[in-house]
Amino acid sequence: MTALDTTADAPADTAVPSVPSEPTVRLRTAEEYRAGLRDGRKVVYQGRYIDDVSTFPEFDTAIEHSAHAYRIAQDEPELAVAHDDRGAYSAFYRVPRSPEDLVARGRLIESVCRRGAGTIVLKEVGSDAVFGILRAAQGQGRVNAEAYWRHVVDHDVALAVAQSDVKGDRSKGPAGQADPDLYVRVVAEDAESITVRGAKVHTSFSANADELVVIPTRAMNPGDEAYAVAFAIPVDTPGVTLYVSPYLDAPRNGFEHPISSRHKMLESLTVFDDVRVPKSRVFLHGDVEAAGRIALAFVDYHRFTAVNYKLPLLDALVGAASLVAEANGISRAAHVRAKMTELITYAETVRGFADLSALRAVEGEGGVWLPDPLSTNMAKYHFAHGFHEAARTVIDLAGGLVATGPGGADWANPEVRAVLEKYFVGAVPAEERLRAIHLVGDLTSGAWGGYQSVLATHAEGSLEAERMQILRSFDWSRPRAYAQELIDLGARA
Ligand SMILES: Cc1cc2nc3c(=O)[nH]c(=O)nc-3n(C[C@H](O)[C@H](O)[C@H](O)COP(=O)(O)OP(=O)(O)OC[C@H]3O[C@@H](n4cnc5c(N)ncnc54)[C@H](O)[C@@H]3O)c2cc1C
């Protein structure tokens, strides 16, 4: 993707950015996606500016991980390619118009995240945000949202979503902060553009996506008008700087790290330093009441994405538990069978709620359907609440070698390997056992496992956010009416 053009005859500092117009390429290849990342984006990593993210070696694993979002269109077109009167396009961006569309979307997300080893890949989050805006934006914002959806579909654009503001003192709202820039806000406006300042954080994929969709993180109150803003811009828009987290930075070998040697995401602190946004790309501006609606409309889709992308991770945990128990020769022990039952119950309850959330889908504004918020939030809450206990069970079954086992370099040395093969044999040969144990380590307790642990707790909203949505979306009429009926029966007795 290119930077927003500046008008040719205006000075650079006053030019109004225009929306890029490129030839329509409705389905890009993984190679085209990677090449599109070569632009003027400003990215800081480990204290240094990066010239070209598309060739920067330390981002290679993350870009390859995300490229699955493009490869799946070639490999599984029945799942990943949709069609309209203009031809084929990425099914990630198919607007859900029925429960069946949401069932299909759930299967697509599960499948692409199976390739991504149980972690989100790229296009899921951006499409969640576009659907949320399509449903909740009003007036000109809705018109702009529809045009933006068309642009994303026609150019197979990879989007990152910047929702979480840095937020400062959590007890205060946007306008109540000592520094007014702790939530992204509008600082100027002219006929053609708005100018925004502030910072979002935890922005997944920002360094390896084409564009940023920026939406409010919370409900807002009168006085917060400047903070009620939603828009989309290319990542290389002047004034945007990404400070990318170095988490999981070191190169890894496949023996010790079967997953994290091949998979990784990039997150950033995303700073908007007086960034000009064309009004055609603004979906919300000043309407405090609509800010909360847009925030929640995104979340309706995003937690559905979350529970579907967790399904391969849960399969990996349950499968690893079974393989490692077998390797250790303990699979028939009574306590192991009880723990396996608990793991299955946990994982299949999440799967059941994930399915239910699509089957109980409801029609939203403009005929855009959304997954049932109650089932979706129960799925996400159940997943997040039980994840650490499930990880502990798998570690328990694997034994202490998860932390003290030999490394890839040891295994590669024939002399050392002979010792390892003799002493680390279990009910299966040492190699089979050690590889299963390292899978458990990567999933639960190494840097990737630690990342998953935080991801489970906070990504797509903290536990408390899910509790609030469960309470908000529960329909009290049936149980209250029944309780009242019982009271009335007693009163008549
Ligand atoms: C790996 C990862 C990827 C992510 N990707 C993205 C992304 O792509 N885009 C994006 O926008 N966000 C992303 N997030 C952000 C995620 O949604 C947030 O981490 C989550 O919403 C929690 O926000 P926080 O981190 O600011 O924590 P906080 O909100 O500070 O939460 C910390 C604790 O404070 C509590 N708390 C917060 N506010 C209050 C209050 N007012 N009163 C009482 N208690 C309060 C919370 O319940 C929690 O217990 C990602 C997060 C992770 C971990």
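The model is predicted, and local features need pLDDT of at least 70, side-chain atom pairs count only at pLDDT 80 or more, and totals for chains, interfaces and linings use all residues. Residues are numbered from 1 along each chain as its sequence is written, and side-chain values use heavy atoms, with hydrogens and water left out.

**The sheet**

Helices (H or I, at least four residues) and strands (E, at least two) are DSSP runs, numbered from the N terminus.

| Strands | Sense | Bridges |
|---|---|---|
| S5 and S8 | parallel | 4 bridges |
| S8 and S9 | antiparallel | 4 bridges |
| S9 and S12 | antiparallel | 3 bridges |

Individual residues can be followed across the sheet. Leu159 has Glu211 in S8 as its bridge partner. Val214 stands opposite Phe231 in S9, and Phe231 in turn has Val282 in S12 as its bridge partner.

Buried means under 20% relative accessible area, exposed over 50%, and partly exposed in between (1.4 Å probe, protein chains only).

**Helix H8**

Helix H8 covers residues 334–359, and its 26 residues should span 38 Å at 1.5 Å a residue; the expected span is 1.5 Å times one less than the number of residues. The end C-alpha atoms of H8 are 37 Å apart, which agrees. Its buried residues include Val336, Met340, Leu343, Tyr346 and Arg351. The buried residues of H8 pack against helix H4 (99–115), helix H7 (288–328) and helix H9 (373–398).

**Aromatic contacts**

The whole structure holds 14 aromatic pairs. Rings of Phe, Tyr and Trp (its six-membered ring) pair if their centres lie within 6.5 Å; planes under 30 degrees apart count as stacked, over 60 as edge-to-face and the rest as tilted. Tyr89 and Trp149 form an edge-to-face pair, at 6.5 Å centre to centre and 85° between the planes. This pair links distant parts of the chain, with Tyr89 in strand S4 (residues 87–90) and Trp149 in helix H6 (residues 139–155), 60 residues apart. Tyr89 counts as buried at 6% relative accessibility, and Trp149 is buried with a relative accessible area of 15%.

Trp448 and Tyr451 have ring centres 6.1 Å apart and planes at 25°, so the pair is stacked. Trp448 and Tyr451 are 3 residues apart in helix H14 (residues 447–458), and are therefore separated by about one helical turn. Both Trp448 and Tyr451 are buried.

Ring pairs also link Tyr45, Phe56 and Phe59 into a cluster.

Definitions and conventions. Contact means heavy atoms within 4.5 Å. Two strands pair if DSSP finds at least two bridges between them.
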